[in-house]
Amino acid sequence: MPMDEKRLTEAFRAAVPDESVPPASFDHADVVRTSRRVTARRRAALAGGGLAVLAVVGIGVAVLPGSAGGGGSSVAAPAAAPQAPPAAAPQSADGAPGVAAEDAREAAAAPAPPLGPGTGECADRQDPALRAIVEQALPEVAGAPEAAVTLECRPGGERGLALHVVDAGVAGLLTVDYLPPGTAPGSPDPDTERTTAPTASGGTVTVTARSDEPGALPPYGQRVEELAGFLAPRL
Amino acid sequence: MTGPDERDRRVDEAAEHEFAEYFRARRDAVRRTAFLLCGDWHRADDHAQSAFVALHRHWRRIHDRNALDAWMRRTLVRAVVDESRRPWRRERAGEPPEPASAPDATDAVATRHALVDALRAVPPRQRAVLVLRFLEGLDVAGAAAVLGCSTGTVKSQTAHGLAALRAVLGDALDDLRPAG
């Protein structure tokens, strides 16, 4: 190691001497407790997602008998069903086949209530509800790994999602942020592709794409506007 | 003879014991790194705790125990850098601190404070490179692996980061600047 680098290393290591380090605000028990709580919540969310899928499949099963009668509109209904908001699915699954098809069409046509602000609790930064909507618009990122997970407190109900994505061989970060009403987004970073749009709940959604390599076109950079346009009426 | 349930319980206990030992050994070092990355002890503790929580959740899947430090660095650095891009917690890009005068050789405390203050004025990704290289002691390739970028990027970010430090520290950096 060159002498000057050694000196820099010594300076960095001396920058935070033991006597200046405040007591830690967490211990081993806190970590284990939080870890178990997060794991339990993830499992519950997965179980809930499974029920939602079953409900959507239920719509398809209820609609298919109608299509056997030759009704052209019934053929379109199962395809539209996955687009329907999960909350509408149980209602649609109740009636006779013809009624279910009608409900499914209405559910597909009527916009879902906007997602709006989150709960404000300290939680996973990655927002599963937001991710579900993003994946509707951009199915290519369905399996994308989430960026490093942290727990964050969001007193304003902000929502956030950050995914490591690869598009046409270019790796980078795709970030979606929902800001509640009254919160303004900051200025964009250089070397990013970003679009901001007002949402149905009065908040703001920003979609940002950044390449891992400086100078490279950000992955999905051409689709951030399309994604923001899809998200705006749903948030 | 022990049954599968008993064996699972013992494996769980052993894993928890291993994690507890790692936590005890590394907590303060991780907090310190987080502090230099973000410049605030409250956020540093948030990031450090979150990184340990993530580690605990993945503990059984990380088979190479020699890779734990690298895993933690990667998690911590990416979390801090990504957070800095978030509009609701974007770091204030206000006026940088006044350039420091050359420190008295005996004034070690002032020098330390000046360095910590100056780091806050360095853009997050460049700051991460400096912390990885000069606090964690990683070489260019090691820092590139943590940040998921090329060695060329690390070199340029190091140069830019040191230039930003110099803009704040002024002559005080002269004794610290690396060659080349």
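## Chain B

Of the 180 residues in chain B of this predicted model, buried residues make up 40%. The chain has seven helices and zero strands, so its elements, read from the N terminus, run α-α-α-α-α-α-α. Among the contacts in chain B with a separation of 6 or more, 64% are between residues 24 or more positions apart.

## The largest nonpolar core

The largest nonpolar core has 48 residues. The members that touch the most others are B:Ala34, B:Leu37, B:Ala51, B:Leu76, B:Val77, B:Val80 and B:Ala128. Two or more residues each come from α1 (3–14) of chain A and from α1 (4–38), α2 (41–58), α3 (68–84), α4 (108–120), α5 (124–135), α6 (140–147) and α7 (151–169) of chain B. Because domain 1 (1–89) and domain 2 (101–180) of chain B both give residues to this core, the core lies between them.

B:Leu76 illustrates how parts of chain B meet here. Apart from neighbours within four places in sequence, B:Leu76 is in contact with B:Val30, B:Thr33, B:Ala34, B:Leu37, B:His47 and B:Ala51. A second, separate core holds 27 residues, including A:Leu115, A:Ala147, A:Leu174 and A:Leu235. In soluble globular proteins, nonpolar side chains tend to be buried together.

## Chain A

Chain A has 235 residues, of which 35% count as buried. Seven helices and six strands are present in chain A, and from the N terminus on they are arranged as α-α-α-α-α-β-α-β-β-β-β-β-α. Of the contacts in chain A between residues at least 6 apart in sequence, 62% join residues at least 24 apart.

## The four-stranded sheet of chain A

An open sheet of four strands in chain A has the order β3-β4-β6-β5, with antiparallel pairing. Its edge strands are β3 and β5 (192–198) of chain A, each of which pairs on one side only. On average, neighbouring strands of this sheet are turned by 15° against each other, direction ignored. Strands of a sheet pair through backbone hydrogen bonds, either parallel or antiparallel.

Within the sheet, β3(A) and β4(A) are joined by nine bridges in the antiparallel sense. A:Val165 has A:Gly172 in β4(A) as its bridge partner, and A:Asp167 stands opposite A:Val170 in β4(A). These two strands, β3(A) and β4(A), form a hairpin with two residues between them, and A:Ala168 in the turn has a positive phi of about 55°. Strand β4(A) also runs antiparallel to β6 (residues 204–211) of chain A, with eight bridges between them; here A:Thr175 stands opposite A:Thr208 in β6(A). Eight of the 10 residues of β4(A) are buried, so this strand is largely enclosed by the rest of the structure.

Helix α7 (residues 224–231) of chain A lies across β4, β5 and β6 of chain A and runs at about 25° to β5(A).

## The contact between the chains

The contact takes 46 residues from chain A and 42 residues from chain B. On the side of chain A that touches chain B, at least two residues each are supplied by α1, α2 (28–68), β3 (159–167) and β4 (170–179) of chain A. The most is given by α1(A), with nine residues. By class, this side of chain A has 23 nonpolar, 13 polar and 10 charged residues.

Terms used
Residues are numbered from 1 along each chain as its sequence is written. Chains are lettered from A and ligands numbered from 1 in the order in which they are written. This is a predicted model: local features need pLDDT of at least 70, side-chain atom pairs count only at pLDDT 80 or more; totals for chains, interfaces and linings use all residues. A nonpolar core is a set of buried Ala, Val, Leu, Ile, Met, Phe, Trp, Tyr and Cys residues joined through C-beta atoms within 7 Å. A residue is buried if 20 or more other C-beta atoms lie within 10 Å of its own, exposed if 12 or fewer, and partly exposed in between; C-beta atoms are placed from the backbone. Domain bounds come from an automatic or database domain assignment. Two residues are in contact if their C-beta atoms, placed from the backbone, lie within 7 Å. Ala, Val, Leu, Ile, Met, Phe, Trp, Tyr, Cys and Pro count as nonpolar, Asp, Glu, Lys and Arg as charged, and the others, Gly among them, as polar. Two strands pair if DSSP finds at least two bridges between them. Axes are lines fitted to C-alpha atoms, for helices over the stretch in contact, and angles run from 0 to 180 degrees between N-to-C directions.
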